[in-house]
Amino acid sequence: MCVPPGHMCVSPVVCVSPPVVCVCPRSCVCLPGRVCVPGHVCVSPSPSFHPPRDNPGAASSGQPRSRPLSAPSLFRTLLFSPGFPPPLPKPSFPAVRPSPLSLPSLVPLFSAPPFSPASPLLSQTPHSPPRCSSLSPLPSLSPPSPPSPRSRPPPSPRRCPISAPVAGRCAVFLFWVEVEAGADAAAAPGGGRGSGSPDRPGPRAPRRPRAGPAMRREMNGVTKSRFEMFSNNDEAAINKKLPKELLLRIFSFLDVVTLCRCAQVSRAWNVLALDGSNWQRIDLFDFQRDIEGRVVENISKRCGGFLRKLSLRGCQGVGDNALRTFAQNCRNIEVLNLNGCTKITDATCTSLSKFCSKLRHLDLASCTSITNLSLKALSEGCPLLEQLIISWCDQVTKDGIQALVRGCGGLRALSLKGCTQLEDEALKFIGAHCPELVTLNLQTCLQITDDGLITICRGCHKLQSLCASGCSNITDAILNALGQNCPRLRILEVARCSQLTDVGFTTLARNCHELEKMDLEECVQITDSTLIQLSIHCPRLQVLSLSHCELITDDGIRHLGNGAYAHDRLEVIELDNCPLITDASLEHLKSCHSLERIELYDCQQITRAGIKRLRTHLPNIKVHAYFAPVTPPPSVGGSRQRFCRCCIIL
């Protein structure tokens, strides 16, 4: 068959459609009955050819000659049959340019069993001939029934479904090898043009023989030569020139969409593109609304032991049954993200514990049905677990934490955000059994006090990131414990901890010199003294939030901006709702050349002129500010003057 404009022929085929002009070392026109040489890229139809009216595949004046492959039909036909996609009836549609491949159309990709239980590279069995047809969206996801031999429709012009953009993305190097192979053949003795007229040149000799009667003989719509080629071995120059291992390596760099399109090029590319080694990392977050349990099951059957990382974040249609099948088939999984999979229960963690002993990172955030039973199961079957996120799993208590840390002593990151039932006893278990802990998130754990966090500081000396925002019961004792036991601390978030004062932050700054990010929002008792200590002892500080710290003045910002390393390090500073900050603070920050963003919401003494002067020195800075409206005039009907809310506050 002849390929449409912009496509490349990847195998020697007989043209049965209108002629097309090819761009290649030998400019030629593929006419019906002639052999289309691999490597020729067709760019436009021949203007001098007029197809007969009785040709079912000929283009008419009212319809386009060919239509690019539609996304839903691509993936449905790709995997509904164990071999190449079956022929489908030619649809009727207007001549419009199809939209780019939509993400939900990838769902049918995993709606069929794998081609073979073993790796395709290890099984070299004969394949049935491929059938490329004009594809269209199917009315349902059920596989189409193959037509009987007697009722098979007459052969129609077919085309290779690979599109020019995809070919350019995935196989530029392969096309170059194809051109080189053609050049070698032309330079060989006996090479060059075959017999024929100038407008109908013959094929290259001796590798591309001219089409004879045997080649033109049809076998179920496919020529005998093509049948033999795909049944025994792919004669395309790309596949002959490069070993399969190298082709497989090239395919490993492609994304999911491009891999599936490449699988439609030929039998050889189908096997390579769908090889399990190309599917080691899968992220289905973009398809979350369409992912169902059967999709996850077929992913596991296709990828098997190759799969290392899977993200199902936000896939609310996935339940315990699908993940049980997944755990049985993908026992080498190391990273699994189930964030937002609200149907997940303790049964999923039981399956993971039974089959996935290599699991290292698990995200169960917002899986509100998770209880202590899940943590007990993970501690028994996943001893290598390093990162666990159970944020907003509010049914977890100290008993589950105790069971978890006893079996998973190598935990390095633990997120307990929103686990409102946790008390100090749970933190004592963590401090006693997790010496390698680096990151701990306790945001909104309202029952946590100084006792639990002090135990964490004394037992986890490698702690680098601590979030205790919303834990309103903690005091300066926590800051003293961090300064004495955790010198590697880089991130500290203590927003809305109103009992913290300058005394605690002074101890912290003098001992933790690697601090890079601090969130002190609504720490209403801190003053300029804290900023002075940070500017002296924390040279790596990059992000600082002082929102609603109403005692901060221009003097503190001056010390911060004039710090030894602030001009090269400080990137973000948040000063919204600091009523004592004026334009003088902006003058002090002009020397911070790395400053990228500054928050100035509701800073009533900041003016537009001050912001303009700051931007003259830092043209790339993002300034977020809000200026209250002008005070309205006195009301006509009364003598009482009216003020806006901001003026009342001041």
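**Exercise 1.** Is Lys517 buried, exposed or partly exposed?

Solution. Lys517 has a relative accessible area of 32%. Buried means under 20% relative accessible area, exposed over 50%, and partly exposed in between (1.4 Å probe, protein chains only). Lys517 is therefore partly exposed.

The model is predicted: local features need pLDDT of at least 70, side-chain atom pairs count only at pLDDT 80 or more, and totals for chains, interfaces and linings use all residues. Residues are numbered from 1 along each chain as its sequence is written, and side-chain values use heavy atoms, with hydrogens and water left out.

**Exercise 2.** Find which residue forms a salt bridge with Glu493, and where the two lie.

Solution. A salt bridge is a side-chain nitrogen of Lys or Arg within 4 Å of a carboxyl oxygen of Asp or Glu. Glu493 pairs in this way with Lys517, their closest N and O atoms being 3.6 Å apart. Glu493 is in strand β16 (residues 491-493) and Lys517 in strand β17 (residues 517-519), so the pair ties together parts 24 residues apart in sequence. Strands are DSSP runs of E, at least two residues; helices are runs of H or I, at least four; both are numbered from the N terminus. Glu493 is buried, at 19% relative accessible area.

**Exercise 3.** Describe the salt bridge between Lys428 and Glu425.

Solution. The N to O distance is 3.9 Å. Both residues belong to helix α15, three residues apart, which means a separation of about one helical turn. Lys428 is partly exposed at 33% relative accessibility, and Glu425 is partly exposed at 33%.
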